[in-house]
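Subject: Handing over the model, with notes

Dear colleague,

I am passing on the structure below, together with notes on what was found in it. Please keep it open beside this message while you read.

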Amino acid sequence: MSPGTKNKLIINMSSEATAQQTKWWNGGRSPFNLEYGKLMMWYFLMSDAFTFGAFLISYGTIRFSQNFWPDPNRVFNAFPGTGHMNLPLAFVSLMTFILIASSVTMVLAVHEGHRGNRAGVMKWMFWTIIGGIAFLGCQAWEWHHLITGQHGVIVDGNHIELVGQTMGGNPWGRHVDPMVVNQALAASPTETLAHLAHEYPLHEGAGSIEDLEKLPKDQLIGMINLEHAHISEKGPIAFGGYFFGITGFHGFHVFSGVIINIIMLVMTSKGVFDRRGHYLMIEKAGLYWHFVDLVWVFVFLCFYLV
Amino acid sequence: MEHQATTSEITFHHHVPGKENVKRIIKTLIILSIITAIELGLGYTIYLIHKNPDFSHGLVLGIKGVIVILSLAKAFYIVSIFMHLGDEIRNMIMTIVVPLMLFIWFIAAFLWDGNSYKNLRNNYDKHFQERTTEKHGGH
């Protein structure tokens, strides 16, 4: 048995034992047993983890300093195509599963890369890119829904305005006494009432906003389903900024990940990695993509679950 | 030649063989899906508990604690299996994990600070407290 094969045998038996026998810090080799680019990707991701960590901890600090914070089950209860149905957590769980699935296809692409299987890498990279685009599409819908959603909010304790969730405010504040709501409805303009009657009708077929605006106020107030309309105070301003800031920063990572993955797919199809003799670039892109999934675990935790 | 250039930094390879690796990936996918499903179930439980105006804050806090621990488990599986950090040598694992220990102080100190600010304001600014505390039985 040559020393080379004997060495391999030991490695196969126990890489742990080999790692302990090797004098890692004596020079001449990487003490981390890792290719330079991959190591640097790890360090970049570590610094990125601190960036995301700082954002999320800042959010936590503000949240801990408030007596009231919006309930995620109330904020995130919509699903595309279901109107005003109350479906807490449904859409974000879809987004989470899309991201987990794309993480799996990515690790399968890395796996095929180890075997030097170009067609396999291309297939799994393709599905990873599709997963990333699907996630971005979901996020775009969610943002659009939150920004353009028209929710009745009591302003100055005496009248109602329609607001969506933006950086400057949101409708997710404290509950308001029904008595106060009724007084505020009477003091609100017909336009607002028509909108509420249109968005939250007590009975089906309330008609278009133009038709509703012609009706008297008393009649309009009677047509609003107040339980669904859930009129409350304005929520803490910081909520919108943190939500859009952090999910936006994460979405930006997903977007750049998709771009990187597309570049990797093109390079693979051109045979660049076959000529190099290894698919280390796929591994590095994979590390970045898994990190995006990792961050989502915590964004999901901080904004949607707790 | 190029192949050699990349391996000069790598003293030995420790890749898990083909089929076992795929099996491990699928197993991890199942674990992550189950944990996520449990998390969603607990999130929905909080939603149901909140419907009762006199819900137990301690219970909700406990459930949230469980969700945090489950999230950390998910993070462990993603980093260890998908990112293959668990397959690297100890030196490599430590150079990533040890700096991340900073988060223990980072999280504890800042949440403590936020909480302290809230308590101070509630103590010295009763108007703030009245204006921002949820009124019970309001709906």
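Helices (H or I, at least four residues) and strands (E, at least two) are DSSP runs, numbered from the N terminus. The model is a predicted one, in which local features need pLDDT of at least 70 and side-chain atom pairs count only at pLDDT 80 or more, while totals for chains, interfaces and linings use all residues. Residues are numbered from 1 along each chain as its sequence is written, and chains are lettered from A and ligands numbered from 1 in the order in which they are written.

Chain B has 6 helices and 0 strands, so that, read from the N terminus, its elements follow the order α-α-α-α-α-α. Of its 139 residues, 14% are buried, where a residue is called buried if 20 or more other C-beta atoms lie within 10 Å of its own, exposed if 12 or fewer, and partly exposed in between, with C-beta atoms placed from the backbone. Two residues are in contact if their C-beta atoms, placed from the backbone, lie within 7 Å; among the contacts in chain B between residues at least 6 apart in sequence, 57% join residues at least 24 apart.

Where chains A and B meet, 59 residues of chain B and 59 residues of chain A take part. On the side of chain B that touches chain A, the elements giving two or more residues are α1 (2–7), α2 (18–51), α3 (57–82), α4 (90–100), α5 (102–124) and α6 (126–132) of chain B, and α2(B) provides the largest share, 14 residues. That side of chain B divides into 27 nonpolar, 21 polar and 11 charged residues, with Ala, Val, Leu, Ile, Met, Phe, Trp, Tyr, Cys and Pro counted as nonpolar, Asp, Glu, Lys and Arg as charged, and the others, Gly among them, as polar.

Two packed helices are described by the angle between their axes and the distance between the axes. Here axes are lines fitted to C-alpha atoms, for helices over the stretch in contact, and angles run from 0 to 180 degrees between N-to-C directions.

Helix α5 (residues 90–114) of chain A packs on helix α14 (residues 280–305) of chain A at an angle of about 160°, with the axes 9 Å apart. This makes α5(A) roughly antiparallel to α14(A), since angles under 35 degrees count as roughly parallel, over 145 as roughly antiparallel, 65 to 115 as roughly perpendicular and the rest as oblique. The crossing of α5(A) and α14(A) is left-handed; a crossing is given that name if the near helix is turned anticlockwise from the far one by less than a right angle, and is right-handed if clockwise. The residues of this contact of α5(A) with α14(A) divide into 12 nonpolar, 5 polar and 2 charged.

Helix α3 (residues 36–64) of chain A also meets α14(A), their axes coming within 10 Å and crossing at roughly 15°, which makes α3(A) roughly parallel to α14(A). The crossing of α3(A) with α14(A) is right-handed, and by class their contact has 13 nonpolar, 1 polar and 4 charged residues.

Strand β1 (residues 151–155) of chain A is largely enclosed by the rest of the structure, because 4 of its 5 residues are buried. β1(A) pairs with strand β2 (residues 159–163) of chain A in the antiparallel sense over 5 bridges, pairing being assigned if DSSP finds at least two bridges between two strands. Within this pair, G152(A) has L162(A) as its bridge partner in β2(A).

D156(A) lies in the loop between β1 and β2 of chain A and has a positive phi of about 55° although it is not a glycine. D156(A) is exposed, with 7 other C-beta atoms within 10 Å. H230(A), in the loop between α11 (226–229) and α12 (238–269) of chain A, is likewise not a glycine and has a positive phi of about 50°, but H230(A) is partly exposed, with 18 other C-beta atoms within 10 Å.

S188(A), found in the loop between α7 (178–186) and α8 (190–199) of chain A, counts as buried, with 23 C-beta neighbours inside 10 Å. Leaving aside neighbours within four places in sequence, S188(A) is in contact with H159(A), I160(A) and L193(A).

With best wishes
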